[in-house]
Amino acid sequence: MSPAAPPLEARMAELTGRHVPFVKATVVRARRPASARPGDTALVLADGRVEGFVGGACAEATVRVQALRTLRSGESLLLRISPEETADGTGEPVVEEGAVSVANPCLSGGELEIFLEPLRPVPRVVVLGESPIARALAAFGPVLGYEITEAAGADGITPEELAGSQALVIASHGRGEEPVLVSAVRAGVPYIGLVASPRRGAAVLDALPLGAEDRARIHTPAGLWIGARTPGEIAVSILAEVIQAVRGCSVEVEVEAEAEVEAPPETPGTGSVTAVDPVCGMTVSVVDSTPYSDEGGDERRWFCCAGCRAAYEKDPARYAKADAS
């Protein structure tokens, strides 16, 4: 077993306990002279950080790109990395069912096969209130695989619960609503729903010390319109809207991330933006740790490793000509 395994196991337990999504990357096959060995493992976080070892800087750059895509899709993937061109000869990744093959010209001649397993937390839904609708949400949520946290009063909801939750539903009928709504908006909870009539819901929103954009993030009346009447039916409509918000946003992010750009924003952060290394042609995720250079023009360039950046900075004009051709 790799010496790094026990610390990574503890780290995985910590991330899981905090409801933090990550990808577990495990080397399952290595052809020499690759530096990684079968069993080597790394964790890839949503911000692009890599903890552990699955190869050198170039292999790690490829793992980061593909791992972040699996984190958005939620589907495991076998990643094959080789210095040779892919089977179709285009140099582009070859996608098969459950696998993707990537040509990585930076590799030292070896090949790697790495299993990428996205570990996304069970969606947590905080429910405030003791009404029949709240009880129905608590009953139906686990059927969907959701973790339901019931809070009888506003004092029972901690900032940590809000920050790690995918949804907050307030079904307390006027009790302790305002402070929790404000806290949820400021915590960035993806879905915030208030069970209220249209008239009362509008009045509650108007009274909140929030801007128009933040108020618009609160769904009231909570739930999709399906003609619901009973508490159970209303709970189903609310959970449907939660699914739409939680899963729908993931699909939108994934689609947007497929567009690769040459000059991404200077303040990345989530790794959803990619760029092409002008030296080796690799696709890299733009995160805080990605090497970059502002030499040779107005556009910032991103690289798979410090070696490619050094080569570029020696003769930026050479690679600018290659881009133009």
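Mentor: Please bear in mind that this is a predicted model.

Trainee: Which residue in β11 is the bridge partner of Ala167?
Mentor: The partner of Ala167 there is Tyr191.

Trainee: And what is the strand order of the open sheet of five strands?
Mentor: The order is β9-β8-β10-β11-β12, and the pairing is parallel.

Trainee: Which strands stand at the edges of it?
Mentor: They are β9 (147–151) and β12 (218–219). Each has a single partner strand, so one side of each is left without a neighbour in the sheet.

Trainee: Through what do the strands of a sheet pair, in general?
Mentor: They pair through backbone hydrogen bonds, in either a parallel or an antiparallel manner.

Trainee: Now the open sheet of seven strands: what is the order there?
Mentor: That sheet runs β3-β2-β1-β7-β4-β6-β5, with mixed pairing. Its edge strands are β3 (50–52) and β5 (94–96), each of which pairs on one side only. From one strand to the next, the twist averages 20 degrees.

Trainee: How many bridges join β2 to β3?
Mentor: Three bridges join strand β2, residues 41–45, to β3, and the two run antiparallel. Leu43 stands opposite Glu51 in β3.

Trainee: Changing topic, how many aromatic pairs are there?
Mentor: The count comes to two aromatic pairs. In one of them, the ring centres of Tyr292 and Trp302 are 5.3 Å apart and the planes are at 50 degrees, so the pair is tilted.

Trainee: Where do Tyr292 and Trp302 lie?
Mentor: Tyr292 is in strand β15 (residues 292–293) and Trp302 is in strand β16 (residues 301–302), so the pair ties together parts that are ten residues apart in sequence. Tyr292 is partly exposed, at 35% relative accessibility, whereas Trp302 is buried, with a relative accessible area of 2%.

Trainee: What about the rings of Phe303 and Tyr312?
Mentor: Their centres are 5.3 Å apart with the planes at 50 degrees, so this pair is tilted.

Trainee: Are Phe303 and Tyr312 buried or exposed?
Mentor: Phe303 is buried at 1% relative accessibility, and Tyr312 is buried at 3%.

Notes: Residues are numbered from 1 along each chain as its sequence is written. This is a predicted model: local features need pLDDT of at least 70, side-chain atom pairs count only at pLDDT 80 or more; totals for chains, interfaces and linings use all residues. Side-chain values use heavy atoms; hydrogens and water are left out. Two strands pair if DSSP finds at least two bridges between them. Helices (H or I, at least four residues) and strands (E, at least two) are DSSP runs, numbered from the N terminus. Axes are lines fitted to C-alpha atoms, for helices over the stretch in contact, and angles run from 0 to 180 degrees between N-to-C directions. Rings of Phe, Tyr and Trp (its six-membered ring) pair if their centres lie within 6.5 Å; planes under 30 degrees apart count as stacked, over 60 as edge-to-face and the rest as tilted. Buried means under 20% relative accessible area, exposed over 50%, partly exposed in between (1.4 Å probe, protein chains only).
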